Amino acid sequence: MTARTSTSNVRSADVLRSAATEDDAGSRTLRRGLQLLDAVLAGGRDGVRVVDLCRAAGLERATVYRLLSTLMETGYVAQHGRFRYVPGPRVAALAPADALPNMAVRLQPVLARISAACGDAAFAVVREGPLSHCIARQVGTHPVQVLVIQVGTQQPLGVGAAGLALLAALPDAEVANIIAANAPRLHAYGGMTPERMQILVRATRERGWSVIGNHATRGVLAAGMAVRNAGGEPVAAISVASTLPRMPRERQQLIARTIRESLAELLPDGA
């Protein structure tokens, strides 16, 4: 008698084969992404070109660009200039504590100098993928302190002055990726839109420092500036926030000058 294979057994086998195929594809993509990240890490501060990455990882150009887009969106890779790629801020966050200077510790004296000079609270943020992460805060001496965020606060990069300064300092491709990643969340911040964010980025670049009000916190305006390392790459940002009446244009300019001078005096070789 010929044994018959049940339909349910056939379906189960098909499901297992499909799951195995998906697992294989996912593992292959992960392996390729890690190969690409290894190649970027090997390039160090000078960065590597796409043609170098194709050769090092043995991948086609289209695949490299697709993987790079994901690695940049998640903060593991950053664009350096127009054609090179370097390790991103998430890589620095994963490094041993003694391998890199503690950014919060390095920036705290700068915040203290700025806050003492202007009387208002000063903040320092770093980038984590498409988000800003507050790593330090200094309260000023003015009777009314606007403490818009706390240490540990995360929000879309660009909705606050420090995050906007940091966003504007990044290459165009990264800016576009970050704004696109944050687009679903922006409206919750004072009705911010991707188009408005692009306008603010252009204005920040033209001005040399950021200004933003009524988005992260209503009735508050803040001015900020990017902090760069010895290689000129943006690694953090500093801002000062206060109430709208206390922040006319002349005072915004004074705060920007104070931030610039404090960074030059206390961190002359970069952060």
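Author: Two strands are said to pair if DSSP finds at least two bridges between them. The strands (E, at least two residues) and helices (H or I, at least four residues) are themselves DSSP runs, numbered from the N terminus. The model is predicted, so local features need pLDDT of at least 70 and side-chain atom pairs count only at pLDDT 80 or more, whereas totals for chains, interfaces and linings use all residues. Residues are numbered from 1 along each chain as its sequence is written, and side-chain values use heavy atoms, with hydrogens and water left out.

The open sheet has six strands in the order β6-β5-β4-β9-β8-β7, with antiparallel pairing. Its edge strands, β6 (154–156) and β7 (210–213), each pair on one side only. From one strand to the next the twist averages 30°; axes are lines fitted to C-alpha atoms, for helices over the stretch in contact, and angles run from 0 to 180 degrees between N-to-C directions.

Five bridges join it to β4, and the two run antiparallel. F123 has S239 of β9 as its bridge partner, and V125 stands opposite A237 of β9. Five residues lie between the strands in the hairpin of β8 and β9, where G232 takes a positive phi near 85°. Seven of the ten residues of β9 are buried (under 20% relative accessible area, with exposed over 50% and partly exposed in between; 1.4 Å probe, protein chains only), so β9 is largely enclosed by the rest of the structure.

The nonpolar interior comes next. A nonpolar core is a set of buried Ala, Val, Leu, Ile, Met, Phe, Trp, Tyr and Cys residues joined through side-chain atoms within 4.5 Å. The largest such core has 30 residues, and those with the most contacts inside it are L167 and M197. Two or more residues each come from β4 (121–128), α6 (161–168), α7 (172–186), α8 (194–207), β8 (220–228) and β9 (234–243). The most come from α6, which gives seven residues. Contact means heavy atoms within 4.5 Å; not counting residues up to four places away in sequence, L167 touches L157, G158, V175, I178, I179, M197 and V201. Another core, of 27 residues, lies apart from this one and includes A122, A124, W209 and M247.
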